[in-house]
Amino acid sequence: MDIEALKQESEQEIKGVKSLEELEAVRIKYLGRKGLLTNFLKELAGLAEEKRRTQGKLANTAKQLFNELLEQKKTELNQQKEMNEAGSQVDLTLPGRKSWLGHKHPITQVLDEIVEIFVGMGFEEKLGPEIETEWYNYAALNFPEDHPARDQIACFYLDDKYLLRSHTSPVQIRVMEKQKPPVRIIAPGRVFRPDAFDASHAPVFHQVEGLYVDENVSLAELKGTLEMFCRKMFGENVKVRFTPSYFPFTEPSADIAISCVICDGAGCKTCKNTGWLEILGSGMVHPAVLENVGYDSEKYSGYAFGMGVERVAMVKYRIDDIRLFYENDIRFIQQF
Ligand code: PHE
């Protein structure tokens, strides 16, 4: 047989092969000890030199090509085999799997929203440490030692020197110590209080603190800014009420309430029949606080306010138990 014919015939045969067993048979047929190609190469020895050289070249290329095709076919058949085996375990009728997208916790969402409203009014976001000293949590904020007002904002002590901050007001002090007026900051963060964990109290919760100090800052500005905030947060039609209050670090002080979002002021369980929901503590920064950070209290004045983020979230989304925010029941969390 001539080498061209042998080459074509062997190629054709490999292409037609359907299994690894068949492939092995074809290999033996051509390249086995008595294979057709093997024999052809053996017989070359008896040829005249010139013919041997040309025919030898052709035979070697044919052999090489045959081997390559053999390898290719082998890989192909092996892949097919693997796929068939896996195929029996894959249910192609199953719907595709979607990756689960998480989102921010409702408290983080509300906190971001509060901060964003104030940043839009020119406040700058500042953060402070959660571990504080008595000076920052109390003394610098004009809480006298052994004064009952310290119980109003009680804290967890870590040792003689350190405590977990029980409000974000210490951030006011830290910022004013470093910066001269004008200061206009918003300070969100976690705070800690030794309260029983019930429907309206959590030992760990979040506050947002605001502070504005400059020359001639007035109570009217405090009122205008916080009224604006309440309308942005709770809706244009909400009514805002200021009532006198007490904090050692502000004078005068005011609690701020909005008309109840449930009954619109008529009186219900949520507002304890008052028609109002308290949202914020606020006031004009006490001169003693300004002096504590080295500000001239004759020259500068300011206002400060603080609110509980959980409280704001509960009012905004009509949630009646603060514990829901911490149980992380996915059925609750997913609603936001
Ligand atoms: N720090 C006060 C609290 O935790 C809130 C407050 C802040 C009141 C700033 C007045 C001014 O209750």
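Q: What does the polar side-chain atom of His 167 lie 2.9 Å from?
A: A nitrogen atom of the ligand. I'm calling it a polar contact when two N or O atoms are within 3.5 Å; within protein, one must be able to donate a hydrogen and the other to accept it, and residues adjacent in sequence count only if both atoms are side-chain atoms. Ser 169 also puts a polar side-chain atom 2.9 Å from a ligand nitrogen. For Arg 193, a side-chain N or O atom is 2.9 Å from an oxygen atom of the ligand.

Q: How much of the ligand does the protein bury?
A: 93% of the 330 Å² that the ligand exposes when taken alone. Those areas are Shrake-Rupley with a 1.4 Å probe, and for residues only the protein chains shown count as cover.

Q: Before I go on, what am I looking at, and how are things counted?
A: It's a predicted model, where local features need pLDDT of at least 70 and side-chain atom pairs need 80 or more, while totals for chains, interfaces and linings use all residues. Numbering starts from 1 along each chain as its sequence is written, and side-chain values use heavy atoms, without hydrogens or water.

Q: How many residues surround the ligand?
A: 15, and the closest are His 167, Ser 169, Arg 193, Gln 207 and Gly 306. Being near here means having a heavy atom within 4 Å.

Q: Which strand gives the most to that shell?
A: Strand 10, with three residues. Helix 8 (169-178), strand 6 (204-215), strand 9 (276-285) and strand 10 (300-308) each supply at least two. Helices (H or I, at least four residues) and strands (E, at least two) are DSSP runs numbered from the N terminus.

Q: Switching topic: how many helices and strands are in the chain?
A: 13 helices and ten strands.

Q: What's the radius of gyration of the chain?
A: 41 Å, whereas a compact globule of 336 residues would have one near 20 Å. That's over C-alpha atoms, and the globule rule is 2.2 Å times the number of residues to the power 0.38. The C-alpha box along the principal axes is roughly 120 × 45 × 40 Å.

Q: Where are the cis peptide bonds?
A: One joins Pro 181 and Pro 182, with omega about 0°, and Pro 182 is in the loop between helix 8 and strand 5 (183-192). Another runs from Glu 251 to Pro 252, omega near -5°, and Pro 252 lies in strand 8 (residues 250-259).
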